[in-house]
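Work through the exercises below with the model in view. Try each task before reading its solution.

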Amino acid sequence: ENYFLAAYSFDPLIGEPHANAANMFGLYLLDRFGNKELLYRDVNIGSLWPTPLRARQRPPTLASTLEETHEGEGTFFVQNIAESWPQLPKETTIERLRILQVLLKTTPHANTPKVGLANASPGKQVLGTVPVESDGSAYFRAPAGVPLLFQALDQRGMAVQTMRSVTYLQPGEQATCIGCHQYPGRVPSPRQSSLAQLRNPSTIAAGPDGSKPLSYPLLVQPVLEKHCVKCHSGADAGGGIVLTGTPEGSFSASYNALAPRVSFSEWKGSPGANSEPQTKPDVFGARASPLMALLMQGHKGVELSDDDLERLATWMDANALFYGTFDPHDQQRQQQGERIAPPERN
């Protein structure tokens, strides 16, 4: 409390601060009585923010906690998916987690080019799913250096809750969380080992064809060709709804007809307007979409197989996007139904 280091502007010729000096600041020692002593001044470089330094003992080096058992991967452990905030529906059992990769934005404007109808939506591709044990725990390997988000899936493979941010792994990192959107300030509960910890970490089971990279023509259109196009095509299309894969504008006829019937997330101009950054369960995706509700009622006697249902739910839960790339050339190829290579790691 008696001595201070300060950056001070002082002209020794006139005995007062000199505001016009090109490099006015020097380092001074000041005391509580107003005395000043110049310690250092450089006429070429102004001196600011003096910090007292002293020698200290080097802190101990911490051993690395990284354990890269599989090259380029780490592990995630979820203690109990039911320990979530907001609460997941109690009557719903979570059986799997879907792992999605958020794609690197390679073009400057949010909607140039668009990847779907959702305004300013980030691109995604589905890496696949991992099991959730009966006690709500999950333990799995995942690629490192990739922005990931998770979705908690019900018995039918539809997302009950979607992660609204991303997470990363370093190679060999072992990341853990309590649940889905865990409540701030919570710590893991002391209890016996979770069921998922009693086995080796799961590997990600690939999603349906057309989900990596995401491609509406490959993921969804085959289901429509099987069940819908017979009635929804041509001049007499049922309800005036055409569900063919014919390119239409930036997307296709069927996409332009169906995507507006999906509850997707998009930027609406303010955080509150779009439930950002956190949502309640069943706000977006297949479980909240009028289209899925219509199909589950057996629209016109249509019976969806498990594979058909997984394809449609995966598309809706992936924000009902059309493309899995921001590259205009690859988008053109995808619109024609061609396959493109999955994007490399970000």
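**Exercise 1.** Is glutamine 182 buried, partly exposed or exposed?

*Solution.* Glutamine 182 has 32% relative accessibility, so it counts as partly exposed. Buried means under 20% relative accessible area, exposed over 50%, and partly exposed in between (1.4 Å probe, protein chains only). This is a predicted model: local features need pLDDT of at least 70, side-chain atom pairs count only at pLDDT 80 or more, and totals for chains, interfaces and linings use all residues. Residues are numbered from 1 along each chain as its sequence is written, and side-chain values use heavy atoms, with hydrogens and water left out.

**Exercise 2.** Find what glutamine 182 touches, not counting residues up to four places away in sequence.

*Solution.* Start with the place: glutamine 182 is in the loop between strand E10 (174-177) and helix H1 (216-219). Helices (H or I, at least four residues) and strands (E, at least two) are DSSP runs, numbered from the N terminus. Next, list the contacts (heavy atoms within 4.5 Å): Glu83, Trp85 and Cys177. Now take tryptophan 85. It is 97 residues from glutamine 182 in sequence, yet 5.4 Å away in space, C-alpha to C-alpha.

**Exercise 3.** How many of the 12 residues of H5 are buried?

*Solution.* Locate helix H5 at residues 306-317. Nine of its 12 residues are buried, so H5 is mostly covered. Among them are Asp308, Leu309 and Trp315. Then look just after H5: asparagine 319 takes a positive phi of about 70°.

Terms used: The expected span of a helix is 1.5 Å times one less than its number of residues.
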